[in-house]
Amino acid sequence: MIIEENISLKNKNWFKTGGNSKYFCQPQTTQDFVKTIEFANKNNLDIFVLGNGANLLISDAGFNGLTINPKLLNLTVNKTNNNIVTAGAGVEIQDLINVCLDNNLLGLEDFSNIPGSIGGAVYINIHFFEKFLSNYLISAEIINNRTGKIKTVEKDWFNFSYDKSKLQKKEHFLITASFKLTKSSDLETAYAKGRRDEIIRYRQRQYPTKNTCGSFFRNFYPEEVNLEINGKKMIFVAYYLDKLGIKGNLKVGGAQVSFQHANMIVTDETATSADIINLVKKIQEQMLSTYQITPIPECQLIGF
Ligand SMILES: Cc1cc2nc3c(=O)[nH]c(=O)nc-3n(C[C@H](O)[C@H](O)[C@H](O)COP(=O)(O)OP(=O)(O)OC[C@H]3O[C@@H](n4cnc5c(N)ncnc54)[C@H](O)[C@@H]3O)c2cc1C
């Protein structure tokens, strides 16, 4: 396995902004992953694990440590043992969904068209409307960021909730994850494939499909907001952002609020990460002065 030096991260994330990583590697096996951890510790380097870069913003100064971009692409389907599918951290979410459907295993298709790797998906517990990835995950292999020790953990270890998993403590990284799915007939699978295709069409119409990190801010927790609509706390950040009238309007340099979605920022080829940060500050200021609440990024900030 090669550890490269001074590698640009600009083309390795969806915003297409950001600087270089001091060191960069792509372990293809668990053993290689262990070696990269040893290298980082021996050289006293911070570690950043990069998936597909669909939920992060990398600073223009880059990352002064070791970026590990796992290419663990193993994918096994075990239909005889409780319909469990196991995927490596580097497998793309859509590839996992497609393999499941091809094996008459249902559940994950609601996450169709969400970009990213299994590592990034488990880290944030991806969601689409009321479905969470944690509804399906049953166990995983993780690696300790200091010792390089690998252990198998059950779902409870992760302490999953909305936008949360224990991986966010950054003491462990994901190696593989196992999901328990529902065995279905050919007819049910045909319906599920149709649902997958419809979700993909819907999302492609509804959201920007490049140069964005998806939703920039997380939704609010009920205790953070006062506004009630029909007796229910309004927790959806996009509701407030929409009302500010910033959609397709507010812009800093090459970064702009998408015309399709008020909680999505899009970039053009001139954009820098500083443009995005300055736009985010403007949005937060407007939210604070109008609604007395500050939206919190869901997007992960790297190297700031
Ligand atoms: C157009 C668009 C639409 C989106 N729609 C949705 C949506 O509907 N629902 C939703 O939930 N999200 C959505 N997202 C966000 C994004 O798709 C998810 O957060 C996805 O899980 C990111 O995966 P990634 O591999 O790109 O992670 P990255 O962006 O590469 O990394 C994100 C975080 O995960 C950590 N990480 C990555 N791999 C590992 C690992 N192996 N071990 C430990 N930590 C790791 C990184 O260090 C980083 O902190 C959308 C994004 C885009 C661009």
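**Strands, ligand shell and core**

Visitor: Which residue in S19 stands opposite Val 257?

Guide: Ile 265 in S19 is the residue across from Val 257. Keep in mind that this is a predicted model.

Visitor: How many bridges join S18 to S19?

Guide: Three bridges link strand S18, residues 255-257, with S19, and the two run antiparallel.

Visitor: What sheet do they belong to, and in what order do the strands come?

Guide: An open sheet of three strands, ordered S17-S18-S19, with antiparallel pairing. Strand S17 (251-252) and strand S19 (265-267) are at the edges with a single partner strand each, so one side of each has no neighbour in the sheet.

Visitor: Switching to the ligand. Which residues come nearest to it?

Guide: Gly 51, Gly 116, Gly 119, Gly 120 and Gly 214 come nearest, out of 33 residues around the ligand.

Visitor: Which helices and strands supply at least two residues of it?

Guide: Strand S3 (47-49), helix H3 (118-124), strand S9 (127-128) and strand S13 (172-180) each do. H3 gives the most, with five residues.

Visitor: And where does the ligand lie relative to the domains?

Guide: Domain 1 (4-68) and domain 2 (75-205) both contribute residues to the shell, so the ligand lies between them.

Visitor: What other domain is in the assignment?

Guide: The domain assignment also gives domain 3, covering 222-302. The C-alpha centres of domain 2 and domain 3 are 28 Å apart.

Visitor: Now the largest nonpolar core. Which members touch the most others?

Guide: Leu 96, Ile 118, Val 122 and Leu 174 do, in a core of 76 residues.

Visitor: Take Leu 96. What does it touch?

Guide: Leaving out residues up to four places away in sequence, Leu 96 touches Leu 75, Val 85, Ala 87, Val 91, Leu 108 and Ile 118. Among these, Leu 75 stands opposite Ala 87 in S7.

Visitor: How is S6 joined to S7?

Guide: By four bridges: strand S6 spans residues 75-78, strand S7 spans residues 84-88, and they run antiparallel.

Visitor: What sits between the strands of that hairpin?

Guide: Five residues lie between S6 and S7, and Asn 82 in this hairpin takes a positive phi near 60°.

Terms used:
Residues are numbered from 1 along each chain as its sequence is written. This is a predicted model: local features need pLDDT of at least 70, side-chain atom pairs count only at pLDDT 80 or more; totals for chains, interfaces and linings use all residues. Two strands pair if DSSP finds at least two bridges between them. A residue is near a molecule or strand if its C-beta atom, placed from the backbone, lies within 6 Å of it. Domain bounds come from an automatic or database domain assignment. A nonpolar core is a set of buried Ala, Val, Leu, Ile, Met, Phe, Trp, Tyr and Cys residues joined through C-beta atoms within 7 Å. A residue is buried if 20 or more other C-beta atoms lie within 10 Å of its own, exposed if 12 or fewer, and partly exposed in between; C-beta atoms are placed from the backbone. Two residues are in contact if their C-beta atoms, placed from the backbone, lie within 7 Å.
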